[in-house]
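This briefing sets out the fold of each chain, selected local features and the contact between the chains. The points are grouped by topic for reference beside the coordinates.

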Amino acid sequence: MTSLRILLRAIALLTAMAAGAMAGPFEEALPKFSADSYSDTEAAISAVAGSGHERALTVVEALRDGRLLAGAGQVYIREASNGMIDAATGEIVGGAGNLKPVRVNNRVRRAIEAALGNLTLLSSDTRTRFNAAQAVFRSRDASALPVLERAIAQESDLRVRGALESARAAVILNKPDAPAVEKKIAVEILSRRGDQDSLALLSNVSASSAPDLAKAASDAAEGIRTRLALWNALQNVWYGVSLGSVLLLAAIGLAITFGTMGVINMAHGEMVMIGAYTTFMVQEVIRLHAPGLFDASLFIALPLAFLTAGAVGVLVERCVIRFLYGRPLETLLATWGLSLILQQAVRTVFGPTNREVGTPGWMRGALEIGGLSLTYNRLAIVVFAFSVFAILLLVMRYTSLGLYVRAVTQNRRMAGSMGIRTNRIDALAFGLGSGVAGIAGVALSQIDNVSPNLGQGYIIDSFMVVVFGGVGNLWGTLIGAMTLGVANKMLEPYAGAVLGKIVLLITIIIFIQRRPRGLFALKGRAVEA
Amino acid sequence: MRTRSVLDRQTIVVIGFLAGAAMLVPIFNGLVAQDSALHVPDHLVPLLGKYLCFALLALSVDLIWGFCGILSLGHGAFFALGGYAMGMYLMRQVGSRGVYAHPVLPDFMVFLNWQELPWFWYGSDIFPIAVLMVVLAPGILALAFGWFAFRSRVTGVYLSIITQAMTFALMLAFFRNDMGFGGNNGLTDFKDILGFPLQAGSTRLVLFVVSAIALGLGYLLCRWLVESKFGKVLVAIRDAENRTRFLGYRVERYKLTVFIISAMLAGLAGALYVPQVGIINPGEFAPENSIEIVIWVAVGGRGTLAGAILGALVVNAGKTWFTGALPEFWLFALGGLFVFVTLLMPRGILGTGQELWDRMRQRSQLHQAAPATSQAAE
């Protein structure tokens, strides 16, 4: 016993030297761990966590990992490298007699989690502090209040400070004995934060408290609800734009082959698939030979996908479609056959299962604007779709190829008489449309499963977009894609995904009855197109 | 167009073939010894019956595509609707023999915790009503769809695309459990039809014979239609729609009528198909299936009626063989068939055969005529 007492004294002395204080709440709380009672352990945890002692985090973490040992009023931590150390001082100790790990149950575990949240509030890492503040905001653990106050006092980062303050507000609002003035301030802070969690907190308040506080809370909740509904609508519009740009990507190649050339290419979806598989191949090669290039893989895949799908397109045009000009229904059947062949070819070579296409680092994560969450990969696809659209528009308007394609579209024989080699233009235009489908595949490989069936999922939607927008008009395709995308996502919350889609399909079918040539029909005098 | 005598010959061949099949299959199945080469094993009977249903379906597509120029890429929807109407009847016949042994509700409704029959299932346990629904359901859909489409003069590829959208929308709808048609699983586990067990060999033989008779009657109906004045107008619409309209014909009415008849035939085919394969599910609505029907017609010969039957039988027999022997290559073969037929054999087997036959006859006539002229010159 004497040696023990000496040891205790030494501990106290060392602690005093280290922390500049005499035996505080931390030292007083530690022995409770050895009581082998869950409620004592819980009390010890909250006391240790509230003490603000520099070793508190180590102790609680050890407890979480089952490395906190106790016996005869003493507490130690087992370390992998140094054997046993004293929990209070961090000194290495030799054999410490008969020790047992401090037992935990679910209640204790919850206390540990809450305590860890509080403790990391004072971490030196900004991100850790922010996450800890969020954790406290969710747990609303009243014992965290002193630590929170300290953390707020010394916080310099604005974002973390905001998170800490709303965490404090949440705790105060949830604490029955907090003064009414503070509660009102808390309501104000929460209403400024204005998210779903604050809403839940505020609606809880209004039930049982002073009338003026209840009124403030319910007003704040109402305000949040309105704001949330607005953000929600905006988010849905964003989803719609995102879906619309996917549709745009898939349909824009079709707008060239079907819209301007009048060729029904049922194998269009397979060109998209070829683009996606090109991306897969590029990533495989990079993985094997140049892992450092992975973030650039999509940019390498873009031209390759364009060339591969474009080459397949030219081949298809030369071998099949050119014999079928002027017979759209036959073209439809022949290209459907081609799509079956391409699908099966890919299935034979790459196997029927989904292939893994990785996402480069710069496309991960999300951009938060107010209540909006824009994931970077969707953002990239939206930007990409619009860029492709712009480039294609410029190509059709300002390059000689575009000029020739338009000329051949308007009057094939006249164009031929003017010296345009219509055969070549057909092949090139078809190649262009297929190539654009290929680069659409690169983008879609990021959000869809890369499997032989990839293209089939898009073919009906793409045709809907082109027909809806009006054949022979790229702007029509843009408007069509965006309208369908946004309409689809706006319907989804009310009707569900499947029913929404059905409603949309029926709407398009009826729409085509009203305007058989689409939204932006080419005007002409021909009776039969 | 071909002369009347050729058409008659074709009709004789088709009816003769079907009558032969309807008589010989039961004989070879029941009376010929099992080890004989001519014996038709039991499992082959429903398979052959299935082919006949597909042939009837192809016939219905040929009626509108071959003779009126309406390329429907959604005819599978009418087929499936007919199938569902029959499936509902068969489902109700199960009665309390289902897994949950509910006297009225089919198993999937009990499973979904439904308390009572939805209104559109009323009367589905009465056979005549079921048969009526088999033709009415596709007919009404065709009426609604065609009324709008033909009146607003949606033609050609646009019509094809919206028919495809129609069957796609229906597929999505039937996949939903709330629709009340068994959702994903469709209707299956049938027990008997009109009191005869579906698994019994004799029931299957009867179904086969009924399919053959239905196909024969369907063929005669189509033949009669296209031979009549009505049919001549259809062909005129196919070849020059506006000119026909300017001549004073109500093009929409002709198109709508033939579209509805075709849809009803397709529904009938579906109704005969379901008891023979024992299941109907939303997969039948898949747009791919509908496109496949068109290729049967194209292979056999568009606009010949008999060609549609021939095409359906040949392609489906090929499919059965391929998916058994070389499953990997079936899609290659089917895809190649699409390309080959449209590029090199636009008139299909029958049309190309006819062409060769005519050419040979011409040449022999030329040979006979040549000596005569040379003699005259001397």
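A residue counts as buried if 20 or more other C-beta atoms lie within 10 Å of its own, with C-beta atoms placed from the backbone. By that criterion, 45% of the 529 residues in chain A are buried. The model is predicted, and the values below are computed from it. Chain A is divided into three assigned domains, namely domain 1 (18–109), domain 2 (123–209) and domain 3 (231–514). Between chain A and chain B, 36 residues of chain A are in contact with 39 residues of chain B.

**Chain A: overall architecture**

- Chain A contains 21 helices and seven strands.
- The radius of gyration of chain A is 33 Å, whereas a compact globule of 529 residues would have a value near 24 Å.
- Along the principal axes, the C-alpha atoms of chain A fill a box of roughly 115 × 60 × 35 Å.
- A distance of 62 Å separates the C-alpha centres of domain 1 of chain A and domain 3 of chain A.
- Of the contacts in chain A between residues at least 6 apart in sequence, 69% join residues at least 24 apart.

**Chain A: the five-stranded sheet**

- An open sheet of five strands in chain A has the order E4-E3-E2-E1-E5, with antiparallel pairing.
- Its edges are strand E4 (92–93) and strand E5 (100–101) of chain A, each of which pairs on one side only.
- Within this order, strand E1 (residues 68–71) and strand E2 (residues 74–79) of chain A pair in the antiparallel sense over four bridges.
- Leu69(A) has Tyr76(A), in E2(A), as its bridge partner.

- Strand E6 (residues 366–369) and strand E7 (residues 372–375) of chain A run antiparallel and are joined by four bridges.
- The bridge partner of Leu367(A) in E7(A) is Leu374(A).
- Two residues lie between E6(A) and E7(A) in this hairpin, and Gly370(A) in the turn has a positive phi of about 55 degrees.

**Chain A: helix H14**

- H14(A) has 23 residues and spans 32 Å from its first C-alpha to its last, close to the 33 Å expected at 1.5 Å a residue.
- Most of H14(A) is covered, with 17 of its 23 residues buried.

**Contact between chains A and B**

- The contact involves 36 residues of chain A and 39 residues of chain B.
- On the side of chain A that touches chain B, at least two residues each come from helix H14 (328–350), helix H19 (456–469) and helix H21 (497–514).
- H14(A) provides the largest share of that side, 14 residues.
- By class, the side of chain A that touches chain B comprises 27 nonpolar, five polar and four charged residues.

**Chain B: overall architecture**

- Chain B contains 14 helices and four strands.
- Chain B has a radius of gyration of 23 Å, close to the 21 Å that the globule rule gives for 378 residues, so it is as compact as a globular protein of that length.
- The C-alpha atoms of chain B fill a box of roughly 95 × 60 × 40 Å, taken along the principal axes.
- Buried residues account for 46% of the 378 residues in chain B.
- Of the contacts in chain B between residues at least 6 apart in sequence, 77% join residues at least 24 apart.

- In general, most residues other than glycine have a negative phi.
- Ala101(B) has a positive phi, near 55 degrees, and is placed in the loop between helix H3 (75–94) and helix H4 (107–111) of chain B.
- Ala101(B) has 11 other C-beta atoms within 10 Å and is therefore exposed, the cut-off for that class being 12 or fewer.
- Asn113(B) likewise is not a glycine and has a positive phi of about 70 degrees; its place is in the loop between H4 and helix H5 (127–151) of chain B.
- Asn113(B) counts as exposed because it has 6 C-beta neighbours inside 10 Å.

Key. Residues numbered from 1 in each chain as written. Chains lettered and ligands numbered in written order. Predicted model: local features only at pLDDT ≥ 70, side-chain atom pairs only at ≥ 80, totals over all residues. Rg over C-alpha atoms; globule rule 2.2 N^0.38 Å. Contact = placed C-beta atoms within 7 Å. Domains from an automatic or database assignment. Nonpolar A, V, L, I, M, F, W, Y, C, P; charged D, E, K, R; others polar. Pairing = 2+ DSSP bridges. Expected span 1.5 Å × (residues − 1).
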